[in-house]
Amino acid sequence: GAHGLKGKEGAYIKVYETGSRYQLVHSAILAATPAICGNSSRAGKIAGACFVTGIALFSGSCYAVALSEDRSVGKLAPVGGF
């Protein structure tokens, strides 16, 4: 993870940290989804799928920006997130 950011500009480290923080928070919510929605409910499965997709798209694009140092690859994350 962060070891690959040595020597990178501070702004890109901040973008990586943002992606990491959002992934951590949303993963915790994802883990709580069965308790909130019920283990086998359709709503829980849809909510879980949405969380997984959102985590992959948002955090993944933050990681891509940070590692490539190219903001054009982060189009899946809103501009305000950077």
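Biologist: Of the 82 residues of the chain, what percentage count as buried?

Modeller: In this predicted model, 23% of the 82 residues count as buried. The chain exposes about 5,300 Å², and carbon and sulfur atoms supply 63% of that area.

Biologist: How many helices and strands does the chain have?

Modeller: The chain has 2 helices and 0 strands. Helix α1 covers residues 10-37 and helix α2 covers residues 42-68.

Biologist: How should one judge the length of α2 from its end C-alpha atoms?

Modeller: At 1.5 Å a residue, the 27 residues of α2 should span 39 Å. The end C-alpha atoms of α2 are 38 Å apart, which agrees with that expectation. After α2 comes Glu 69, whose phi is positive, near 55 degrees.

Biologist: Which residues of α2 are buried, and against which element do they pack?

Modeller: An α-helix has 3.6 residues a turn, so residues three or four places apart point the same way. In α2, the buried residues are Gly 44, Gly 48, Ile 55, Phe 58, Ser 59, Ser 61, Cys 62, Tyr 63, Val 65 and Ala 66. These buried residues of α2 pack against α1.

Biologist: Which residues make up the largest nonpolar core?

Modeller: In soluble globular proteins, nonpolar side chains tend to be buried together. Here the largest nonpolar core has 5 residues in all: Tyr 12, Val 15, Phe 58, Cys 62 and Val 65. Both α1 and α2 give two or more residues to this core. The largest share, 3 residues, comes from α2.

Biologist: How many aromatic pairs are there, and which residues form them?

Modeller: The count comes to 2 aromatic pairs. Tyr 16 and Tyr 63 form a tilted pair, with 4.9 Å centre to centre and 45 degrees between the planes. Tyr 16 lies in helix α1 and Tyr 63 in helix α2, so this pair ties together parts that are 47 residues apart in sequence. Tyr 22 and Phe 58 form a tilted pair as well, also with 4.9 Å centre to centre and 45 degrees between the planes. This pair links distant parts of the chain, for Tyr 22 is in helix α1 and Phe 58 is in helix α2, 36 residues apart.

Biologist: How many disulfides does the structure hold?

Modeller: The structure holds 0 disulfides. As for its cysteines, Cys 37 is partly exposed, with a relative accessible area of 31%, whereas Cys 62 is buried at 0% relative accessibility.

Biologist: Where is Thr 33 found, and which residues does Thr 33 touch?

Modeller: Thr 33 is found in helix α1. With a relative accessible area of 5%, Thr 33 is buried. Setting aside residues up to four places away in sequence, Thr 33 touches Gly 38, Gly 44, Ala 47, Gly 48 and Phe 51.

Biologist: Among contacts between residues at least 6 apart in sequence, what percentage join residues at least 24 apart?

Modeller: Of those contacts in the chain, 53% join residues at least 24 apart.

Conventions
Residues numbered from 1 in each chain as written. Predicted model: local features only at pLDDT ≥ 70, side-chain atom pairs only at ≥ 80, totals over all residues. Heavy atoms only, no water. Phe/Tyr/Trp six-rings, centres within 6.5 Å; stacked < 30°, edge-to-face > 60°. Helix = DSSP H or I, 4+ residues; strand = E, 2+ residues; numbered from the N terminus. Disulfide = S-S within 2.5 Å. Buried < 20%, exposed > 50% of the residue type's maximum accessible area, 1.4 Å probe, protein only. Core = buried A, V, L, I, M, F, W, Y, C linked by side-chain atoms within 4.5 Å. Contact = heavy atoms within 4.5 Å. Areas by Shrake-Rupley, 256 points an atom, 1.4 Å probe, with all protein chains shown as cover. Expected span 1.5 Å × (residues − 1).
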